[in-house]
Amino acid sequence: MYGRGLKELTEITQAEGRSLALHYLPEVGEAMPLSLALYHQLVASLALADPVDMIVHPHFDVARNLLLYTWFESSFMHAAELQAFGSLELGLRLKLGGWKNLRRGPGLARLLRDAAARGLISDDKVGPYPRLTGFGEAWSREHGVRAPAPEADPALDVRPYVDVLCDAIPAVRNRLAHGHPGWVGTAFATLSACRDLLNSVAPFLPSDVAA
C-alpha cells in the first residue's frame with residue numbers, strides 16, 4: 001500500500017494488489033487483465049523517437065523505468081511524472097534557447113507557451129494514450145484518456161488541446177513538486193503527453209531556434 005515503510009526483502013519483486021486489479025482498454029475490443037508482460041509493452045510504447053538527442057533521451061528513460069517499476073511499487077508514480085516533466089523542460093530549454101537556458105531561463109509554463117506560439121507543438125501531435133482502468137470507484141478513473149469530443153457548434157470557438165496542456169502541465173508539475181498525498185493514476189497520461197511534446201520539438205539544437 002502507498003506510504004508504507006521499506007519493503008521486506010521477499011516483497012521486492014511482488015506485484016502490488018493495485019497492479020493486479022488493473023485492466024487495459026484497447027482502442028478496439030474488450031478490456032483485458034493487465035499482466036507484467038503487457039504492462040512492459042505499454043511502457044515500452046512510450047519511448048521517444050530517434051531524433052530526440054542523447055541528452056534528453058536518457059533523462060526521459062529514467063521516467064519510463066520508474067513507471068515500469070510501479071508494477072512493484074506504486075509510490076514511484078509521482079517520481080516518474082516529475083522526471084518526465086523535468087525531461088520536457090530540459091528539451092524545451094535546449095530547443096528554445098540552447099545551453100544558455102540550462103542554468104537560468106524561463107520556467108516550464110512560459111516555455112510551453114513559447115513553443116505553442118512558434119507552432120512547434122500542436123493538437124494533432126499529442127495522443128491518444130494507453131488506457132487503464134480497474135475495479136470499484138478507486139479504479140474506475142482511466143489513465144491518460146481524453147474523453148471523446150462532443151459534437152461542437154462550428155460557430156463556437158473550441159479551445160486547442162495544446163492550450164489546455166500549457167495550463168495543466170505546469171499546474172500538475174508544481175502540485176507534485178510541492179508534495180501531493182495519496183495515489184493519483186495519471187502517470188501514463190503524463191509520460192504520454194511529455195513524449196509527444198518532446199518528439200514534436202526534437203531535435204534540440206540551438207541552431208534550430210527560431211529567430
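This is a predicted model: local features need pLDDT of at least 70, side-chain atom pairs count only at pLDDT 80 or more; totals for chains, interfaces and linings use all residues.
Arg 173 touches Leu 82, Phe 85, Glu 89 and Leu 108, not counting residues up to four places away in sequence. This arginine sits in helix H8. Its relative accessibility is 18%, so Arg 173 counts as buried. The cut-off for buried is under 20%.

Step back to the whole chain. It holds nine helices and three strands. Read from the N terminus, the elements run α-β-β-α-α-α-α-α-β-α-α-α. The chain has 211 residues, and 42% of them are buried. Among contacts with a separation of 6 or more, 71% join residues 24 or more positions apart.

Return to H8 and its partner H6. Two packed helices are described by the angle between their axes and the distance between the axes. For H6 (residues 108-117) and H8 (residues 161-177), the angle is about 165° and the axes lie 9 Å apart. H6 and H8 are therefore roughly antiparallel to each other. Angles over 145 degrees count that way. The crossing of H6 and H8 is right-handed. On the H6 side, the meeting residues are Leu 108, Ala 109, Leu 112, Arg 113 and Ala 116. On the H8 side, they are Val 162, Asp 163, Leu 165, Cys 166, Asp 167, Ile 169, Pro 170 and Arg 173.

An α-helix has 3.6 residues a turn, so residues three or four places apart point the same way. After H6 comes Gly 119, with a positive phi near 75°.

H8 also contains Ala 177. With 48% relative accessibility, Ala 177 counts as partly exposed.

Next, move to H3. Helix H3 covers residues 56-69, 14 residues in total. From first C-alpha to last, H3 reaches 21 Å, close to the 20 Å expected at 1.5 Å a residue. Which residues of H3 are buried? They are Val 56, His 57, Phe 60, Ala 63, Arg 64, Leu 67 and Leu 68. Seen down the axis of H3, they fall within an arc of 145°, so they line one face of the helix. Their cover includes helix H2 (36-44), helix H4 (76-97) and helix H9 (187-201).

Take H2 first. H2 and H3 pack at an angle of about 160°, with axes 10 Å apart. H2 and H3 are therefore roughly antiparallel to each other. Their crossing is right-handed. Tyr 39, His 40, Val 43 and Ala 44 of H2 make the contact with Arg 64, Leu 67 and Leu 68 of H3.

Then take H4. The axes of H3 and H4 come within 8 Å and cross at roughly 165°. H3 and H4 are therefore roughly antiparallel to each other. This crossing is left-handed. H3 contributes Val 56, His 59, Phe 60, Val 62, Ala 63, Leu 66, Leu 67 and Tyr 69 to the contact. The H4 residues in the contact include Phe 76, Met 77, Ala 80, Ala 84, Ser 87, Leu 90 and Leu 94. Leu 67 of H3 takes part in the contact with H2 and in the contact with H4.

The tour ends at H9. Its 15 residues should span 21 Å at 1.5 Å a residue, and its end C-alpha atoms are 21 Å apart, which agrees. Of those 15 residues, 14 are buried, so H9 is largely enclosed by the rest of the structure. Ser 200 is one of the residues in H9. At 14% relative accessibility, Ser 200 counts as buried. Leaving aside neighbours within four places in sequence, Ser 200 is in contact with Leu 120, Ile 121 and Lys 125.

Terms used
Residues are numbered from 1 along each chain as its sequence is written. Side-chain values use heavy atoms; hydrogens and water are left out. Helices (H or I, at least four residues) and strands (E, at least two) are DSSP runs, numbered from the N terminus. The expected span of a helix is 1.5 Å times one less than its number of residues. Buried means under 20% relative accessible area, exposed over 50%, partly exposed in between (1.4 Å probe, protein chains only). The arc is that of the directions from the helix axis to the C-beta atoms. Contact means heavy atoms within 4.5 Å. Axes are lines fitted to C-alpha atoms, for helices over the stretch in contact, and angles run from 0 to 180 degrees between N-to-C directions. Angles under 35 degrees count as roughly parallel, over 145 as roughly antiparallel, 65 to 115 as roughly perpendicular and the rest as oblique. A crossing is left-handed if the near helix is turned anticlockwise from the far one by less than a right angle, and right-handed if clockwise.
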